[in-house]
Amino acid sequence: MNRTACAALAAFALAATGTSAWAHAKLVSSTPANAATVVAPKQIVLKFNETLQAKLSGAEVVMPGMNNMPVAAKASVAKDGLTLIVTPAAPLAPGAYAVKWHAVTADTHRMQGKVDFTVR
Ligand SMILES: [Cu+2]
(Lines give C-alpha, C1' and ligand atoms only; values in the text may rest on other atoms or scores of the structure.)
Protein backbone atom coordinates (compact mmCIF):
# COMPACT_ATOMS: atom_id res chain seq x y z
CA MET A 1 0.00 0.00 0.00
CA ASN A 2 1.37 3.40 -0.83
CA ARG A 3 1.71 6.21 1.66
CA THR A 4 -1.40 8.05 0.54
CA ALA A 5 -3.56 4.97 0.91
CA CYS A 6 -1.90 4.22 4.20
CA ALA A 7 -2.59 7.73 5.48
CA ALA A 8 -6.18 7.47 4.29
CA LEU A 9 -6.59 4.19 6.11
CA ALA A 10 -5.05 5.64 9.25
CA ALA A 11 -7.44 8.59 9.02
CA PHE A 12 -10.34 6.21 8.61
CA ALA A 13 -9.22 4.17 11.61
CA LEU A 14 -8.91 7.35 13.62
CA ALA A 15 -12.41 8.43 12.65
CA ALA A 16 -13.84 4.97 13.27
CA THR A 17 -12.29 4.27 16.63
CA GLY A 18 -11.29 7.61 18.04
CA THR A 19 -7.77 6.32 18.59
CA SER A 20 -4.67 6.12 16.48
CA ALA A 21 -4.23 2.42 17.14
CA TRP A 22 -3.77 1.74 13.43
CA ALA A 23 -1.46 4.58 12.58
CA HIS A 24 1.62 3.66 10.61
CA ALA A 25 5.12 4.09 11.97
CA LYS A 26 6.35 7.66 12.12
CA LEU A 27 9.67 8.84 13.47
CA VAL A 28 9.06 11.24 16.37
CA SER A 29 12.64 12.09 17.30
CA SER A 30 16.18 10.88 16.98
CA THR A 31 19.43 11.15 18.89
CA PRO A 32 21.54 12.41 17.23
CA ALA A 33 18.99 14.71 15.62
CA ASN A 34 18.77 14.83 11.85
CA ALA A 35 21.56 17.00 10.38
CA ALA A 36 23.33 17.27 13.75
CA THR A 37 27.10 17.29 14.18
CA VAL A 38 28.05 15.35 17.27
CA VAL A 39 30.83 13.48 19.03
CA ALA A 40 30.69 9.79 18.12
CA PRO A 41 27.50 8.39 19.68
CA LYS A 42 27.65 4.96 21.32
CA GLN A 43 24.05 4.45 20.29
CA ILE A 44 21.65 6.01 17.83
CA VAL A 45 18.18 6.24 19.32
CA LEU A 46 15.08 6.52 17.11
CA LYS A 47 11.73 7.13 18.78
CA PHE A 48 8.47 6.26 17.05
CA ASN A 49 4.81 7.16 17.51
CA GLU A 50 3.50 3.60 17.79
CA THR A 51 4.63 0.25 19.13
CA LEU A 52 6.98 -1.38 16.63
CA GLN A 53 6.89 -4.97 15.47
CA ALA A 54 10.39 -5.93 16.53
CA LYS A 55 10.93 -8.63 13.92
CA LEU A 56 9.97 -6.32 11.07
CA SER A 57 11.71 -3.14 12.20
CA GLY A 58 15.35 -2.24 11.98
CA ALA A 59 17.97 0.09 10.63
CA GLU A 60 21.24 0.14 8.79
CA VAL A 61 24.02 2.67 8.99
CA VAL A 62 25.95 3.79 5.93
CA MET A 63 28.52 6.45 5.07
CA PRO A 64 27.04 8.46 2.15
CA GLY A 65 30.39 10.16 1.45
CA MET A 66 32.03 6.78 0.92
CA ASN A 67 29.68 5.34 -1.69
CA ASN A 68 27.18 4.34 1.01
CA MET A 69 29.66 2.02 2.64
CA PRO A 70 27.82 -0.05 5.24
CA VAL A 71 28.81 0.41 8.87
CA ALA A 72 28.53 -2.63 11.13
CA ALA A 73 25.75 -1.95 13.62
CA LYS A 74 23.03 -3.82 15.44
CA ALA A 75 19.48 -2.51 15.61
CA SER A 76 16.95 -3.66 18.17
CA VAL A 77 13.63 -2.49 19.52
CA ALA A 78 13.80 -1.42 23.18
CA LYS A 79 11.48 -2.79 25.87
CA ASP A 80 9.14 0.18 25.54
CA GLY A 81 8.38 -0.96 21.99
CA LEU A 82 8.61 2.60 20.71
CA THR A 83 12.35 2.95 20.47
CA LEU A 84 14.76 1.55 17.93
CA ILE A 85 18.30 1.46 19.27
CA VAL A 86 21.16 1.18 16.81
CA THR A 87 24.50 0.22 18.30
CA PRO A 88 27.58 0.51 16.06
CA ALA A 89 29.97 -2.43 16.37
CA ALA A 90 32.93 -0.07 16.69
CA PRO A 91 33.31 3.62 17.58
CA LEU A 92 32.23 5.81 14.66
CA ALA A 93 35.11 7.62 12.97
CA PRO A 94 34.66 11.27 12.00
CA GLY A 95 32.53 11.62 8.89
CA ALA A 96 29.00 11.73 7.58
CA TYR A 97 26.53 8.95 8.42
CA ALA A 98 23.04 8.05 7.36
CA VAL A 99 20.77 5.82 9.41
CA LYS A 100 18.21 4.18 7.12
CA TRP A 101 15.35 2.89 9.23
CA HIS A 102 12.34 0.77 8.44
CA ALA A 103 9.53 0.21 10.85
CA VAL A 104 6.28 -1.69 11.01
CA THR A 105 3.53 -1.04 13.55
CA ALA A 106 0.18 -2.73 14.20
CA ASP A 107 -1.22 -1.69 10.82
CA THR A 108 1.51 -3.83 9.14
CA HIS A 109 2.59 -1.11 6.73
CA ARG A 110 6.32 -0.87 6.22
CA MET A 111 7.47 2.71 6.55
CA GLN A 112 11.00 3.93 6.07
CA GLY A 113 13.11 7.01 6.44
CA LYS A 114 16.56 8.33 7.02
CA VAL A 115 18.43 10.30 9.65
CA ASP A 116 21.68 11.99 8.68
CA PHE A 117 24.33 13.11 11.11
CA THR A 118 28.00 13.95 11.16
CA VAL A 119 30.61 12.79 13.63
CA ARG A 120 33.12 15.52 14.22
CU1 LIG B 1 0.16 2.51 7.89
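1. Two residues are in contact when they have heavy atoms within 4.5 Å of each other. Among contacts in this chain between residues at least 6 apart in sequence, 61% join residues at least 24 apart. Before going on, please keep in mind that this is a predicted model, in which local features need pLDDT of at least 70 and side-chain atom pairs count only at pLDDT 80 or more, while totals for chains, interfaces and linings use all residues. Residues are numbered from 1 along each chain as its sequence is written, and side-chain values use heavy atoms, with hydrogens and water left out.

2. Now the overall make-up. The chain has 1 helix and 9 strands, where helices (H or I, at least four residues) and strands (E, at least two) are DSSP runs numbered from the N terminus. From the N terminus on, the order is α-β-β-β-β-β-β-β-β-β. Of the 120 residues, 36% count as buried; buried is under 20% relative accessible area, exposed is over 50%, and partly exposed lies in between (1.4 Å probe, protein chains only). The chain exposes about 7,000 Å², with carbon and sulfur atoms supplying 60% of it; such areas come from the Shrake-Rupley method with a 1.4 Å probe, and for residues only the protein chains shown count as cover.

3. The interior is worth a look on screen. A nonpolar core here is a set of buried Ala, Val, Leu, Ile, Met, Phe, Trp, Tyr and Cys residues joined through side-chain atoms within 4.5 Å. The largest one has 22 residues, and Leu 46, Phe 48, Tyr 97, Val 99, Trp 101 and Phe 117 touch the most other members. Strands E2 (36-38), E3 (44-48), E4 (58-63), E7 (83-88), E8 (95-104) and E9 (110-119) each supply at least two residues of this core.

4. Because 5 of its 6 residues are buried, E4 is largely enclosed by the rest of the structure. Two strands pair if DSSP finds at least two bridges between them. E4 runs antiparallel to E8, joined by 5 bridges, and also antiparallel to E5 (residues 69-71), joined by 3 bridges. Val 61 stands opposite Val 99 in E8 and opposite Val 71 in E5. The hairpin of E4 and E5 has 5 residues between the strands, and Asn 67 takes a positive phi near 60° there.

5. Next comes an open sheet. Its 4 strands follow the order E1-E3-E7-E6, with antiparallel pairing. E1 and E6 (73-77) are the edge strands, each pairing on one side only. E6 and E7 are antiparallel over 5 bridges, and Ala 73 stands opposite Pro 88 in E7.

6. Finally, two spots with charged residues. There is 1 salt bridge, meaning a side-chain nitrogen of Lys or Arg within 4 Å of a carboxyl oxygen of Asp or Glu. Lys 114 forms it with Asp 116, the closest N and O atoms being 3.0 Å apart. Lys 114 is partly exposed at 46% relative accessibility, and Asp 116 is partly exposed at 27%. Lys 26, in the loop between helix H1 (3-17) and strand E1 (27-31), is exposed at 56%. Beyond its neighbours within four places in sequence, Lys 26 contacts Lys 47, Phe 48 and Asn 49.
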